[in-house]
Amino acid sequence: MNNKLVTSMISAAGLTGLAYAGPAPVVAEEKSNCGSWCDTLETIGTVYNNKENPYIQKVKFFGRAQVQYGYVDGKDSNGDKFNQDFDEFRRLRLGGEVKFLNGFKLKANANFVRDLKPVGGEREFGYQNFDQAKLSYTFNDLMGINESSITYGRYKVAVGAEQHASSKKIKTVERSALSNKLTTGRPTGASIDLKNDGWSATLGVFSNDYQPLQDDLLSGWGESVAVYASTKFDVASGEVILDAIYNDQQKTIDPFLYKWATSAAYLTSCSDWDLTFNAILGDNSDLSGAKREGLFYGFTALGSKDIIEDKLEFVARYSYQGSEGEEGIRLNSRYVRRASRNTPSGSSSVTSGRGDQHHAVYGGLNWYLCGDQSKFMTGLEYDNLAASQGSN
């Protein structure tokens with residue numbers, strides 16, 4: 001039986017950096033009023049900065065708030081139509097960073113909102129859990145390498161171009177479903193990072209002892225681990241990003257819900273367009289039944305172009321994902337799967353959002369108030385999901 005889903009989604013979000021410290025931009029004198037606000041947003045978090053101090057070189061605090069509104073209108077394979085709107089406090093993160101003893105850096109941030117209103121729950125403010133927390137030491141000019149570092153802590157593991165861009169800098173309201181399939185928990189791990197002119201690499205190992213939304217800052221180390229490698233290097237007028245991760249043992253609560261995954265991405269600019277192309281191949285975990293086993297694969301192309309320089313940006317994205325298993329890939333949880341629960345019959349064939357072929361086309365506009373520190377994002381996405389193998 002052919003099982004198809006067609007949906008349209010309009011989403012809007014305002015992203016604001018509450019107190020992100022960084023280099024202040026050079027602002028022309030006639031724009032000093034606007035510039036002073038943006039400069040403050042850039043630098044307010046830095047409370048101490050002195051490279052000459054042998055003990056503490058820098059202290060800064062940062063934060064991020066993101067709210068979203070979404071509307072879904074679609075039809076499932078039963079012919080049932082569904083539509084729903086959502087408002088959501090997507091992110092509220094606060095954190096800090098300390099550089100000390102001329103090489104050490106401690107950086108951590110935590111989540112301070114858990115919004116279950118879109119699924120009928122409550123919106124809770126206050127400490128929820130840590131996002132990331134890492135201690136690193138950096139060597140300069142070691143063995144001919146400009147910069148090398150060793151790090152231990154609670155990680156976000158980036159596989160694919162969209163994951164390498166933080167939620168502060170992504171150009172779409174939500175990452176693609178293909179990218180989110182590779183999203184991990186926040187495992188405890190260690191890494192070695194190397195940087196040279198036009199080249200960088202990361203090698204990491206991560207524990208599979210993990211509990212979703214755990215309160216513990218760091219997990220323990222059990223019998224199973226995941227091994228990760230990533231490299232970036234310049235090619236002609238662009239940049240290549242290669243990622244690979246291998247998980248030696250799956251569990252139902254693994255931070256890595258697949259056996260292995262690889263990604264190859266190319267980022268470049270052409271005729272005032274910023275372009276990203278990303279191909280992904282991986283192998284699903286074998287713990288979820290035969291319908292979800294086997295290879296998964298996909299491709300994403302994203303382009304963006306300024307309509308008004310540094311103010312108004314147009315973004316377009318096409319994403320495809322497929323799998324050997326009948327239910328080997330999945331739609332994003334925001335917002336189609338949520339809305340499909342509310343069909344007239346009360347039961348939708350796409351509530352799980354699983355299938356073996358998925359196409360998605362996205363178009364949006366981003367309005368930058370102060371660069372990525374403060375912006376409004378809007379987007380319209382069309383999804384088509386099919387489960388075409390066997391019966392469903």
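Modeller: On a 1 Å grid over the protein atoms alone, a cavity is a set of points where a 1.4 Å probe fits but cannot get out, and its lining residues have an atom within 4 Å of a point. The model is predicted, so local features need pLDDT of at least 70 and side-chain atom pairs count only at pLDDT 80 or more, while totals for chains, interfaces and linings use all residues. Residues are numbered from 1 along each chain as its sequence is written, and side-chain values use heavy atoms, with hydrogens and water left out.

Biologist: Which residues lie nearest the centre of the largest cavity?

Modeller: The lining of the largest cavity has 13 residues. Nearest the centre are Ala-177, Asn-332, His-358, Glu-381 and Asp-383.

Biologist: Which residue is joined to Cys-38 by a disulfide?

Modeller: A disulfide is a pair of cysteine sulfur atoms within 2.5 Å, and the whole structure holds one. Cys-38 is in helix 1 (residues 32-43), and its partner sits 332 residues away in the loop between strand 18 (357-368) and strand 19 (374-387). With an S to S distance of 2.1 Å, that partner is Cys-370.

Biologist: Is Cys-270 buried, partly exposed or exposed?

Modeller: Buried means under 20% relative accessible area, exposed over 50%, and partly exposed in between (1.4 Å probe, protein chains only). Cys-38, at 12%, is buried, and so is Cys-370, at 7%. Cys-270 has 45% relative accessibility and therefore counts as partly exposed.

Terms used. Helix = DSSP H or I, 4+ residues; strand = E, 2+ residues; numbered from the N terminus. 1 Å grid on protein atoms, 1.4 Å probe; cavity = no way out; pocket = protein on both sides within 12 Å on 5 of 7 lines; lining within 4 Å.
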